[in-house]
Structures are given as C-alpha cells and as structure tokens.
Amino acid sequence: MVNVRKDETTYSGSFLRAEAELVLEEARRAKAEKTKDLGSPIKLSGLALAIQVRGNHAWIAENTSVIRKIDLETGKTLQVFRGHTAPATSLAFYEKVPGSGDDGILISGSWDKTINVWDVETKQLISSTPAHTDFVKSLLVIPSLKLLVSSSSDKIVRFWDLSSLHNGKPLQSVGSISAHTRPVESLYARPESNSTAILYTGDTMGIIKVWELSKEADVSPPRFRATQIDDLQNHRTGVNEMYHGNGQLWTASSDDTVQIIDHPTQASSSSKPIPPITHPTAVKAILPISLTPLAEPYLLTGSGDVIRVYDVSSPREPELLNTVDAHWHDVTALRLWMRRTAVEGQLGKVMVEPWVISTSLDGTIRKWKLTELLQPPPPKPIETTALAPVEPVKLEKTSGLTEEEERELAELMEDD
C-alpha cells in the first residue's frame, strides 16, 4: 500500500485543475482574437446578466449593478439606471398605457435581494422593495393581471401588485409559492383571461411546476392564488429558459438539452414524447422563431460559445442548419431584433429586417442577420495531394536456406 500525504493529493489536484484552466484560458484568448469582429460587437463595461430588446434599443442588466439602455445601431449608451448595490440579474417592463408598447415602467432585480421600479422617461426611482431573502433571479410581468412575478435563490416565487405604483412605497405583496426545493431561475406565463393565467416555474434541479394562477374576487388589496396542476420532470438539472406556444413548452437546460414538451398533454394522446435536442454542453439560451411574429420553423440555441440553428419543421427530426462560433465565452441570451432603418432617398419609408442579438460572458453584445444565420456555411474544399510512387518491397529471407533448398523443402512437404 502506498501512503500519500493529504497535502500531496491536494497539491496534485490543484495542479491539474490549474493546468486545465490555463489551457482553457489560452483557447479562449485565441478565439477572442479570431472572433473579435464577428457580429459587429458592442463592448460592455460589464457582463450582461439579462437583456430585453425594445425597438432599436437593448436594455441590459449588468453585473456592475446598473441597468443600461444601448442604441443597437451605434452601440452608444443612452441611459444608465443606478440604484442597486450588487449585480443586476433581471429586468422587465410594465406599460403605462396597456398595449402601447411604451417603455413606461422599468423593473429590475438584483443580488442585493431587492426589486427596483423606475420611471423610464424621468429616470426616477419610484420604489425599492426588499423582495427576497436571497438573490433575485428572474422577473416576469403579466400585463393582463397587472401582476409582477419574481423568483429567487431562496426557492420562493412571489407575486406583486402593479395596479398602483406609488413613489417611495414598496410593492404590495399579493401571494407566493413555496413548493420548490431548489432555487427558481426561470419563469414563463400564458394569460387565460383578465383574472387567470398559467404559470411555469423552473428550478435548478430541472423540475418545472405548472400553476393555475387566479385572482381572488372582491378582495382589496388584490390577492392571487396559485394551484399546482402539473409537475414536469423532463430535465436532469437546471432549467435556464422557457417559452410556450402552439401547445408546446420549449425549455433550455444545463443538462445539455433542449426539450419540446407537448403541454397541456392531451389525455387521449398516445404519441411518444418528442426526443430532446442534445448539445455538447449546457444550453443557456433558446430562441424559437416559430413563437415570434415571424412564425418560421427555426430554433436558435446558445450552448457554450456557439450559436446553433435548427430547422424544426419536424420536431422529432430536427435538422442542424448552421453552427456559428459566435463568442469566445458562453452565450447567455438570444433575442429577436426587428431592425428598423430608414430607406435612403424615400422620405418616411422604413425597412424592417429580422436580426438576432446575442449576449455572452465575453462582455459583448453581437448582432446577426437572421437570413445569414439560417444559411449553412459552404462546404470546405477537398484537399488532395499527389500520391508518391510505391517502391516494390523486397522480402528478406529469414529461413537461412538457399533458393534451391527452399524449393526442395516445398516439394518434400507436397510429397507428405
């Protein structure tokens, strides 16, 4: 038995880990140089932990604790909202005039456990709410219910009333969910009426819980009740992003897969579940183009530092169309940008083109024309090299016999 001191094994493990980190760092440095101009990068002063694209502007929640409004055409910062004391992790908007598309009210969440509410036009901080006992991870506005949903590392999902926003007064709590056993990082909702919605909550164990969210009648201030109607266990670990549309739930997970789940599942349906779309590493971001106004059967995914493009006309047999080395560090978000540009020489004419915005831990925002992402790269030319003439191989005699002796031996063996 070989005796190895504990400090030796620790040192050895640390050395191997450090060596692997150095190799990865060098690979990223090389890729940073290779991709430095791809996607017309906009360099940020920090890392984008969340992004919303509205018009020709990107709104970024940064690890520097600020919310930043950026002009996607010029890359210039137009507004900065300061108020958090730790990295800003999430943001959402609530329209002053429902259905108008105005920026109206900006809502942000942070590692400082608070939710801040801002008036976009005046940049005034309307309120700051101590919302959770741990990091705020995700925010979701359900306009029809005048409701804000927040999730946190404290495993709790909370509901906040948006029907009345008062300067200086914290948001009014109107309900909560405490059924998850792990941090809740992903939220999605589909409104059913002016008083009900279906809410999806995904945690870091890969569990997605489905809730019927309803507003209690004749109660002031309003209260919301969440009744669990389903428990989806399609993933082995964290759910990073969710979308729902056309009777299907689209999910991205750290278990290296994207899942397309029929939901709600029909009791009479006998069809097998759609196989997952597997990736080499964790999938941090998805953009199902079929669920956007474009309604085209394409799916974009962010896994590692690569954007992949799939044709999902047949979800059971997705076709990989393109793989783009988009960043030199992990892709964290993919958003559709309907780019509006004035037509030169035609007063009042505007051209609208679909683009995709990606964010990454490399500290950049990048812009991609969707039509170019959908085109697979041209095949690489086949390299051929002239074959050298083959010299005849001379066999060396190893038996020690002369040619005549070998012939005689062969004849004797035939006689036997």
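Strand β12 (residues 157-161) and β13 run antiparallel and are joined by five bridges; strands (E, at least two residues) and helices (H or I, at least four) are DSSP runs, numbered from the N terminus. Within this pair, Phe 159 stands opposite Gly 175 in β13. Two strands count as paired if DSSP finds at least two bridges between them.

The model is predicted: local features need pLDDT of at least 70 and side-chain atom pairs pLDDT 80 or more, while totals for chains, interfaces and linings use all residues. Residues are numbered from 1 along each chain as its sequence is written, and side-chain values use heavy atoms, without hydrogens and water.

The two strands belong to an open sheet of four, in the order β10-β11-β12-β13, with antiparallel pairing. β10 (136-142) and β13 (172-177) are at its edges; each has a single partner strand, so one side of each lacks a neighbour in the sheet.

Elsewhere there is a nonpolar core, meaning buried Ala, Val, Leu, Ile, Met, Phe, Trp, Tyr and Cys residues joined through side-chain atoms within 4.5 Å. The largest such core has 18 residues, and Leu 287 and Leu 300 are among those touching the most other members. Its largest share, three residues, comes from β26. A second, separate core of 17 residues includes Ile 142 and Trp 211.

Leu 291 lies in the loop between β22 (283-288) and β23 (298-303). Its relative accessibility is 26%, so Leu 291 counts as partly exposed, the class between buried (under 20% relative accessible area) and exposed (over 50%; 1.4 Å probe, protein chains only). The C-alpha atoms of Leu 291 and Asn 246 are separated by 7.8 Å, although these residues are 45 apart along the chain.
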